[in-house]
Amino acid sequence: YVLPRPEGVRCLVVSSRGKTISRKKSGAILHAFSSVLPSGNVKQRQPDPCVLDCIYQADLQTYFVLDMMCWSGYAVYDST
């Protein structure tokens with residue numbers, strides 16, 4: 001089967017230790033910013049990361065989340 005997905009740049013969004021960074025497939029930094037994700041801003045300086053598989057659409061300046069890999073330090077790779 002086929003599922004539609006937004007057009008844009010595929011990236012990983014990682015929030016940890018008060019920072020949120022998005023990286024392209026090559027590993028290059030796409031953006032660095034504060035976010036409301038756990039550990040994603042200076043008020044939440046926890047070491048436990050969040051990792052999201054996303055598509056960034058520049059026209060809308062929006063990240064579309066495809067998959068959640070880790071949430072506040074809890075790996076959800078094998079969850080259904």
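View 1. V13 is buried, with a relative accessible area of 3%, where buried means under 20% relative accessible area, exposed over 50% and partly exposed in between (1.4 Å probe, protein chains only). V13 lies in strand β1, strands (E, at least two residues) being DSSP runs numbered from the N terminus. Leaving aside neighbours within four places in sequence, V13 is in contact with residues including T20, I21, F33, L37, V51, L52 and Y63, contact meaning heavy atoms within 4.5 Å. This is a predicted model, in which local features need pLDDT of at least 70 and side-chain atom pairs count only at pLDDT 80 or more, whereas totals for chains, interfaces and linings use all residues. Residues are numbered from 1 along each chain as its sequence is written, and side-chain values use heavy atoms, with hydrogens and water left out.

**View 2. D53 and its polar contact with R10.** D53, which lies in strand β4 (residues 50-57), is buried, with a relative accessible area of 13%. The side chain of D53 makes a polar contact with that of R10 (2.7 Å), a polar contact being a pair of N or O atoms within 3.5 Å, of which, within protein, one must be able to donate a hydrogen and the other to accept it, while residues adjacent in sequence count only if both atoms are side-chain atoms.

View 3. Six strands form an open sheet in the order β3-β2-β1-β4-β5-β6, with antiparallel pairing, two strands being paired if DSSP finds at least two bridges between them. Because β3 (29-33) and β6 (74-75) each have a single partner strand, one side of each is left without a neighbour in the sheet.

Note on methods: Helices (H or I, at least four residues) and strands (E, at least two) are DSSP runs, numbered from the N terminus.
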